[in-house]
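Trainee: Please take one part of this structure and go through it closely with me, and then place it in its wider setting.

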Amino acid sequence: MLGMLYIVAIINGRTNMSNLSFQEKSTWGTLVALLIIGTLYSNAAWQLWQRDVLVSEALFGLLIGYTVLLVIVLVAYHVLIVVVSGSEAEDERDRLIEWRAGYIGGIVLAFGVFTVIGHILIGGWLGDPLFLSPVGIANALLLAMLVASVAELALKLVYYRRGI
Amino acid sequence: MPVNISNRVRDLRYEHGQMTQQALAEAVGVSRQTIIAIESGKYSPSLEVALKIARAFDRSVESIFELH
């Protein structure tokens, strides 16, 4: 918690966070948390996969653990930015940015899901073990969700900075 | 995304006793960052917000916003 406060203080000092709206600060934090925890999860899942022990129970445990970690980090971060710079209600610009970024994020997610479906079909035909395993398919779908969320959050930041 | 609508919001704030962006934002019901985005041409407000800005300055919308 103190470490996060320190990070917020550094960002506050270096980027003049008072020029960012609450939603923009929230987007930055969510993006960074998602990238870090997504990377940690992927690394853990990959190591289990290489040791051939990434079974459904292990995947379930990893998912629960990293999801709880993500929720705790996001709640702590949002409490911190409210304490440091106050909260702000969403306005029409925030809603427009959210809608446009969400629309593109949805397209990215659909592309990812159809890519996974394509790989399942091709894997099924070619006998690729990754895409014949439920755990492999689940991880591929999780990756598609992660990429779509990162794309959506990154686009929101672009719209906030560049304009919409 | 650049828009083809210019506005005189910044000038009018100064003409109205150096009204701050925060004061205008509160009068209009948006965030200060949205006022900054409107002034710099990075965001075109909805008709509702444009009318509220016009009311805050006691002007018509056309005298504040101009379509190019």
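Mentor: The largest share of the nonpolar patch, four residues, comes from helix H2 (residues 22-50) of chain A, helices being DSSP runs of H or I with at least four residues, numbered from the N terminus. This is a predicted model, in which local features need pLDDT of at least 70 and side-chain atom pairs count only at pLDDT 80 or more, whereas totals for chains, interfaces and linings use all residues. Residues are numbered from 1 along each chain as its sequence is written, chains are lettered from A and ligands numbered from 1 in written order, and side-chain values use heavy atoms, without hydrogens and water.

The patch on the surface consists of A:Trp28, A:Val32, A:Ile36, A:Leu40 and A:Leu69, which together have about 440 Å² of accessible area (Shrake-Rupley, 1.4 Å probe, with only the protein chains shown as cover for residues). Its members have over 30% relative accessible area and no salt bridge, their nonpolar side chains being joined within 5 Å. A:Leu40 is one of the residues lying in helix H2 of chain A.

Helix H2 of chain A also holds A:Glu24, whose partner A:Arg161 lies in helix H5 (residues 134-162) of chain A, so that the pair links parts of the chain 137 residues apart. The two form a salt bridge with the closest N and O atoms 2.8 Å apart, the rule asking for a Lys or Arg side-chain nitrogen within 4 Å of an Asp or Glu carboxyl oxygen. Over all chains the count comes to six salt bridges, yet across the interface of chain B and chain A the rule finds zero. There, helix H3 (residues 32-39) of chain B gives the largest share, four residues, of the side of chain B that touches chain A.

Conventions
Helices (H or I, at least four residues) and strands (E, at least two) are DSSP runs, numbered from the N terminus. Patches are made of residues with over 30% relative accessible area and no salt bridge: like charges are joined within 9 Å, nonpolar side chains (Val, Leu, Ile, Met, Phe, Trp, Tyr) within 5 Å.
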